[in-house]
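Please work through each task with the sequence and the structure in view before reading its solution.

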Amino acid sequence: MRSYLRLNTPQLFTREERGVYTLNRDAESAIQLKVPQVQTFKAPILVGSATLHHADCFDWLEQQADASYHAVITDPPYGLHEYTDEQQAKLRMGRGGVWRIPPSFDGHTRSPIPRFTTLTAEQLKQIRAFFFVWARLLLPKLVPGAHVVVASNPLVSYLVSAALAEAGLERRGEIVRLTMTMRGGDRPKAAHDEFSDVSVMPRSMWEPWLVYRKPLMGRVQDNLRRWKTGGFRRPSQEKPFGDVIPSSPTRKAEKDLAPHPSLKPQSFLRQLVRAILPLGEGIVLDPFAGAGSTLAAAEAVGYASVGVERDEHYFEMASAAIPKLVHFSPNGSQSRR
Ligand SMILES: C[S@@+](CC[C@H](N)C(=O)[O-])C[C@H]1O[C@@H](n2cnc3c(N)ncnc32)[C@H](O)[C@@H]1O
């Protein structure tokens, strides 16, 4: 039986009814987490040193041995909404829901993106609770000094950051993925001509990847010796790992290999994954693996990795896509061991 409750912090939750829990942060901000029903899961898949599990990562994390993972790179759903069965069904039908097709221009049809501006106050609270619970489950499974890098977006990153810090991870900065997304920049809806000089919100030209670390045990050098964690691997002797990575939207050739609506590009992920194990040793975890792009990047740079994906459709997509993504050669960025 899965539960978001077995957290060593039972005082945080009250069970209202089967599958519905209230987070007792304080009376004002009490919120509810609806727990989906248990599913039947498939056997894990293995590609080289990558293993992908078909599971809900909250349940799966609970079952892991303590101090098992050396780094996390993940691109989570923003809360409980856009990857629910209901919203995924709407996405696959191409109608309604949080997924929206941005206006096509230059003759190109755009891929659906989630509409985060429509999230209600209640859903924003749920995002914070979701990441708090997730980070509490994750922390004991990491070795001291393990870095946790979480993809986000400028509309909700403040909530995710607060939750991760509240759960006990140390904030270590933010990596900027420099890329033009389809968010923002539009003129006011239904008044384009009248207000042709206005953008309702800034057109997003970067994506925040939040950087956290499990507190060290001793000094950085102690962690490096004992756990192989605590810092970042430098791209070269001369150059430290930096926090701005020029990138581009995931290109069609890559999406054709792995048609996941949130697929992240190998050129960007390989740089990030390579850096996250300072000595190049250990296991990288992606608890929200999607089509397996983090695992493919880890395999391409020669690291062991473990992923978890709950959705059967994406799990199957990943099993076919990972071997192809490992060998994918994005222009200007080759796999580098
Ligand atoms: C933003 S996507 C990740 C996409 C991935 N970065 C890629 O490039 O393919 C988030 C993924 O998390 C999965 N997911 C959502 N909730 C989950 C959970 N509780 N456990 C495991 N996977 C989950 C969704 O089905 C979705 O595929």
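**Exercise 1. Burial of a helix**

How many of the 11 residues of helix H7 (residues 266–276) are buried?

Solution. The structure is a predicted model, in which local features need pLDDT of at least 70, side-chain atom pairs count only at pLDDT 80 or more, and totals for chains, interfaces and linings use all residues. Residues are numbered from 1 along each chain as its sequence is written, and side-chain values use heavy atoms, with hydrogens and water left out.

Step 1. Helices (H or I, at least four residues) and strands (E, at least two) are DSSP runs numbered from the N terminus. Buried means under 20% relative accessible area, exposed over 50%, and partly exposed in between, with a 1.4 Å probe and protein chains only.

Step 2. In helix H7, 10 of the 11 residues are buried. Among them are Phe268, Arg270 and Arg274.

Step 3. The ring of Phe268 also carries a charge: the charged end of Arg177 sits over it, 5.6 Å from the ring centre. The criterion is NZ of Lys or CZ of Arg within 6 Å of the ring centre and within 35 degrees of the ring normal.

**Exercise 2. Aromatic pairs**

Solution. Step 1. A pair of aromatic rings is described by the distance of the centres and the angle of the planes. Rings of Phe, Tyr and Trp (its six-membered ring) pair if their centres lie within 6.5 Å; planes under 30 degrees apart count as stacked, over 60 as edge-to-face and the rest as tilted.

Step 1. By this rule there are eight aromatic pairs. Trp60 and Tyr69 form a tilted one, with 6.0 Å centre to centre and 40° between the planes.

Step 2. Phe131 and Trp134 both belong to helix H3 (residues 121–138), three residues apart, about one turn of the helix. Phe131 is buried because its relative accessibility is 0%, and Trp134 is buried because its relative accessible area is 0%.

Step 3. Ring pairs join Phe131 and Trp134 with Phe58, Phe130 and Phe288 in a cluster. Phe58 lies in helix H1 (residues 57–63) and is buried because its relative accessibility is 2%.

**Exercise 3. The ligand site**

Solution. Step 1. Of the 22 residues around the ligand, Cys57, His260, Ala291, Ser293 and Glu309 come nearest.

Step 1. A polar contact is a pair of N or O atoms within 3.5 Å. A ligand oxygen is 2.5 Å from an N or O atom in the side chain of Ser293, and an oxygen atom of the ligand lies 2.8 Å from a polar backbone atom of Ala291. A nitrogen atom of the ligand is 3.2 Å from a backbone N or O atom of Arg310.

Step 2. Taken alone, the ligand exposes 600 Å², of which the protein buries 98%; these areas come from the Shrake-Rupley method with a 1.4 Å probe.

Definitions and conventions:
A residue is near a molecule or strand if one of its heavy atoms lies within 4 Å of it. A polar contact is a pair of N or O atoms within 3.5 Å; within protein, one must be able to donate a hydrogen and the other to accept it, and residues adjacent in sequence count only if both atoms are side-chain atoms.
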